[in-house]
Amino acid sequence: MQWRFSSMSKVFQLHSIPYSKSLGEFFRNSRKKSGMTQTHLAEALGLKSPQFISNVERGICAYTSEQLQEVILQCNIDIDELMLHFMAVYKIYIEENIWKR
């Protein structure tokens, strides 16, 4: 996990988010709960098509930290709930890739 301190925004930003189908499902459910379509969210992120949103929601790729900040705002995602999902993903990642060694 890589963290970088951004002096401009005075916040820590996560730059390495593992791909995860369960995390993608969380983003899909949050988007739908907020009433946004993939197309509307893509437009809010400045993307030309909703394909990237679909890929994230299927666990194929991940949002950048900047995109994640906007998704949190657009979809009214609860930070505590999001952190629980991130922690679960990292726990599995550590168990499968680091702890076994």
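Lys91 forms a salt bridge with Glu95 in this predicted model, the closest N and O atoms being 2.5 Å apart, where a salt bridge is a side-chain nitrogen of Lys or Arg within 4 Å of a carboxyl oxygen of Asp or Glu. Because Lys91 and Glu95 are four residues apart in helix H5, about one helical turn separates them. The structure holds three salt bridges, and the protein that carries them has five helices and two strands; helices (H or I, at least four residues) and strands (E, at least two) are DSSP runs, numbered from the N terminus. This is a predicted model, in which local features need pLDDT of at least 70 and side-chain atom pairs count only at pLDDT 80 or more, while totals for chains, interfaces and linings use all residues. Residues are numbered from 1 along each chain as its sequence is written, and side-chain values use heavy atoms, with hydrogens and water left out.

**Overall build**

- Read along the sequence, the elements follow the pattern β-β-α-α-α-α-α.
- Of the 101 residues of the protein, 35% count as buried; buried means under 20% relative accessible area, exposed means over 50%, and partly exposed lies in between (1.4 Å probe, protein chains only).

**Salt bridges**

- Side chains of opposite charge can pair when their charged atoms come close.
- Glu95, the acidic partner in the Lys91 pair, counts as partly exposed at 37% relative accessibility.
- The side chains of Arg28 and Glu57 meet in a salt bridge at 3.7 Å, N to O; since Arg28 lies in helix H1 and Glu57 in helix H3 (residues 51-57), this pair ties together parts that are 29 residues apart in sequence.
- Arg28 counts as partly exposed, at 23% relative accessibility, whereas Glu57 counts as buried, at 1%.
- A salt bridge also joins the side chains of Arg31 and Glu57, at 2.6 Å, N to O, and because Arg31 lies in helix H1 and Glu57 in helix H3, the pair ties together parts that are 26 residues apart in sequence.
- Arg31 is buried, with a relative accessible area of 6%, and Arg28, Arg31 and Glu57 are linked in a network of salt bridges.

**Helix H1 and its packing against H5**

- Two packed helices are described by the angle between their axes and the distance between the axes.
- Helix H1 (residues 21-33) and H5 pack at an angle of about 165°, with their axes 9 Å apart; axes are lines fitted to C-alpha atoms, for helices over the stretch in contact, and angles run from 0 to 180 degrees between N-to-C directions.
- That angle makes H1 roughly antiparallel to H5, given that angles under 35 degrees count as roughly parallel, over 145 as roughly antiparallel, 65 to 115 as roughly perpendicular and the rest as oblique.
- H1 passes H5 in a left-handed crossing, a term used if the near helix is turned anticlockwise from the far one by less than a right angle, with right-handed used if clockwise.

- Gly24 lies in helix H1 and is buried, with a relative accessible area of 1%; Gly24 and Ala62 are 38 residues apart in sequence and 8.3 Å apart in space, C-alpha to C-alpha.
- Phe27, also placed in helix H1, is buried with a relative accessible area of 5%, and its C-alpha is 9.2 Å from that of Ile53, although Phe27 and Ile53 are 26 residues apart in sequence.
- Lys32 is found in helix H1 but is exposed, with a relative accessible area of 54%; Lys32 and Cys75 are 43 residues apart in sequence and 8.3 Å apart in space, C-alpha to C-alpha.

- Most residues other than glycine have a negative phi, and most peptide bonds are trans.
- Phi of Asn76 is near 50°, a positive value in a residue other than glycine; Asn76 sits in the loop between helix H4 (65-74) and H5 and is exposed, with a relative accessible area of 64%.
- Ile79 has its place in helix H5 (residues 79-99) and counts as partly exposed, at 44% relative accessibility.
- Ile79, Met83, Leu84 and Met87 form a nonpolar patch on the surface, with about 400 Å² of accessible area together.
- Patches are made of residues with over 30% relative accessible area and no salt bridge, like charges being joined within 9 Å and nonpolar side chains (Val, Leu, Ile, Met, Phe, Trp, Tyr) within 5 Å; accessible areas come from the Shrake-Rupley method with a 1.4 Å probe, and for residues only the protein chains shown count as cover.
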